[in-house]
Amino acid sequence: MYRSWLPLLVVALCLFSANLYAQTSVNVEISGIDKILEDNVRLYLSIEQQKNHPLISDGRLARLHNKATKEISAALQPYGYYRPTINASLEKTTTGEWLASYEIDPGPPLLIAEFNFSVSREMGEDPEFKQLIEQRSPQVGSVFTHLEYESFKSDLAKLASERGYFRAVFTDRRIEINLDDYVARIYLDYDGGPRFNFGEVNLRQDVLKPEFLQRFIPFQQGDPYTLGELVELQQVLNDTDYFQTVEVSPGKLLADSNEIPIDVSLTPRKENRYTFGLGYGTDTGARTKVGWQRPRVNDSGHRFDSEIGLSEVGYNLGANYRVPVLNPRTDQLVYSATRSREDLDDFESELSAVGVSLYRVRGEWRETLSIDYERENFEIGNDTGDTSLLIPGASWSRTWGRGFIFVLDGLRFDLSLRAADEGFGSDVGFGQVYSSLKFITSLGARNRFIARGSIGSTTTSEFEKLPASIRFFTGGSQSVRGFKYQSLGPEDDSGDVIGGRRLLTGSIEFERALNDRWGVAVFYDIGNAVEDFGDDLERGAGFGVRWKSPVGPVRIDVARAISLDDRPWRLHINIGPDL
């Protein structure tokens, strides 16, 4: 018979217990100390950690409260407080809840009376360790905190690993706390042992010549080991675009050597890569492009890329064969061939070109030295021709700031020179210089100010023989908005734009972000292609919408040609990076 009552009895006891324990509720109040100390005290306090436990009871609460004074003292010691005064109370409020109150006076902090520190000679002469010791080591007379002491030891060990001291050990690490004198004495000795050097680099791959890949390694065998150069090696090999994956790691330490081998595992990319894109811009109309790349043509690291682009105003076909030279990480010799056609309202041009260029990086600058042979068939107003030009040229560019897609603060400068001479394979002689500058700066959290400008000049005695690609034209979404693409320049007697000897443009723009994706802008543009710099400049102004799309910033502008009598409006759409 009792078995039939047993389940009911268990349920009743559970309900009674749950009701009993639910009646115990506690709040913990801590005062007298700052937020950092309070947070650590709450981590140490058992009554804080268990106050919401479903089985808490009045008796258990009292036992936890009795432990609180010792726990608070222990929580303050890592921060250098060893003489706290603690007023603790546990009272039941009128609402039936318990209130545990702890008023804490941390007392005076414990100071460092002695810091006896030594490192081995080679480590002590290492400039990185000198800097760390000067900036992070505990100072006599300062407050002793366990956290800063352990952080300093951790920094020493981390730096030792990064600088090749793989057998470094602490031979002495003692802290003496004298509560009578109320001071701390630290004894810390760090034996760095021998510093290891880079050993042989084992390149595990079978697609490129080992002697070619060796040119990408930023250190020599026997150089002192640093983690920074190991990371640089990984980044350099990733940037080559030859490999799908790059794994760089130190090898095993050898007992009888102070050199550490480096293992590099490389997985090559696929031999062919294809790209396809669709777009629209008011300068070109609808456009598409198809690309084919071979990141690795042979075991010497040569590359090949080609692209076909089609738009409503013409087409462009180009191919490049790239050969790493000098510093293979940054320098390359490029053999190129292009054919393009542009058909606009005021001129037509069909251009074929072959050339060779040397791309180099000189510090922060990018330099290009080139020589191109161009043959261009053109019709510009009443000027027509089929001109051949042998054009040597040089250009330099530099970008300041971080990122190129969407920039808060940045600057880009470009300068190019090119020329041709009738005595050296050209139908007409000329000299030309062109420069541009773009500046972006943030104004608060949501605003940007953008300014850009360009200037160019051409010298020639036979301007009518210059093809369209050499003459200056302007107007459009990336120059003077409010005017049609390449529609600005000197006109002939029939009113056709024939291009100018000089170019001058400028723009200022203010953007405001509405949220993480959308923004608005107002702008003012000025410029023209002219015969002389004193000639009249056209002006445009307007407003626009900005969208940070997954493929880059999209700019939709409505601009008015304010220098024209009828002040027409024009829509401009442009997609591309800021710099």
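Reader: What makes D34 a cap of the N-terminal end of α2?

Author: A side-chain oxygen of D34 lies 3.2 Å from the backbone nitrogen of I36, and this is set against the definition of a polar contact, a pair of N or O atoms within 3.5 Å, of which, within protein, one must be able to donate a hydrogen and the other to accept it, while residues adjacent in sequence count only if both atoms are side-chain atoms. The model is predicted, so local features need pLDDT of at least 70 and side-chain atom pairs count only at pLDDT 80 or more, whereas totals for chains, interfaces and linings use all residues. Residues are numbered from 1 along each chain as its sequence is written, and side-chain values use heavy atoms, with hydrogens and water left out.

Reader: How do you know which residues of α2 and α5 meet?

Author: Contact means heavy atoms within 4.5 Å, and by that criterion L37, N40, V41 and Y44 in α2 meet E71, I72, A74, A75 and L76 in α5. Classed by type, the contact has seven nonpolar, one polar and one charged residues.

Reader: Why is S357 counted as buried?

Author: Buried means under 20% relative accessible area, exposed over 50% and partly exposed in between (1.4 Å probe, protein chains only), so S357, at 9% relative accessibility, counts as buried. S357 lies in strand β15 (residues 347-362) and touches Q332, L333, V334, T368, L369 and S370, leaving aside residues up to four places away in sequence.

Reader: What makes L326 exposed, and what makes R567 partly exposed?

Author: L326 has a relative accessible area of 53% and is therefore exposed, while R567 has 41% and is therefore partly exposed. L326, in the loop between β13 (314-324) and β14 (332-343), has a positive phi of about 50 degrees although it is not a glycine. R567, in the loop between β24 (552-560) and β25 (569-575), has a positive phi of about 45 degrees and is not a glycine either.

Methods. Helices (H or I, at least four residues) and strands (E, at least two) are DSSP runs, numbered from the N terminus. Ala, Val, Leu, Ile, Met, Phe, Trp, Tyr, Cys and Pro count as nonpolar, Asp, Glu, Lys and Arg as charged, and the others, Gly among them, as polar.
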